[in-house]
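Subject: Structure handover

Hi,

Here is the structure I promised you. Please open it and follow along with the notes below.

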Amino acid sequence: MTRDEFNAFCQSLPVTTHVVQWGGADVWKVGGKVFAIGGWTTGHTLGITFKVSDIAYEVLKEQPGLRPAPYLASRGMKWIQHYDAPGLDDASLRDHLAASHKIVSRGLTKKMQRELNLYQE
């Protein structure tokens, strides 16, 4: 996934905002909370960091090209970084980015979820 493809996909998710920070990384937020970070390329692979469920964290953390996200995972947070080949294919990356968006959205206050019209059950 290229940087442009990453940004276009994140922008397509509901009520997202984008900032460039932390050394030029593309940081995507929902309700003011980060759900995806793109930057820090290794060779030809864009480093993409995203929040995951507990189960996904256990499955993904040892896969080639993936690792617990530096800084975030060391603080007990369940974030994975796709940093090198083979990593995930583009379709799987999109699925994980969408899931990260949903996880972060569900962590917002109920009031904010209603205001943003997000994932109400």
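L97 touches M1, F6, F9, C10, L13, F35, A36, I48 and F50, leaving aside residues up to four places away in sequence. A contact here means heavy atoms within 4.5 Å.

This is a predicted model, so local features need pLDDT of at least 70 and side-chain atom pairs count only at pLDDT 80 or more, while totals for chains, interfaces and linings use all residues. Residues are numbered from 1 along each chain as its sequence is written, and side-chain values use heavy atoms, with hydrogens and water left out.

Now the core. Which residues touch the most other members of the largest nonpolar core? They are F6, F35, I48, F50, L60 and L97, out of 24 residues. The elements giving two or more residues to this core are α1 (3-12), β2 (25-30), β3 (33-42), β4 (45-51), α2 (54-60) and α3. Helices (H or I, at least four residues) and strands (E, at least two) are DSSP runs, numbered from the N terminus. A nonpolar core is a set of buried Ala, Val, Leu, Ile, Met, Phe, Trp, Tyr and Cys residues joined through side-chain atoms within 4.5 Å. Buried means under 20% relative accessible area, exposed over 50%, partly exposed in between (1.4 Å probe, protein chains only).

Next, R106. It lies in helix α3 (residues 90-106). R106 counts as partly exposed because its relative accessibility is 40%.

Last, A85. It sits in the loop between β6 (79-82) and α3. A85 is exposed, because its relative accessible area is 55%. A85 touches T45 and G65, again leaving aside residues up to four places away in sequence.

Best wishes
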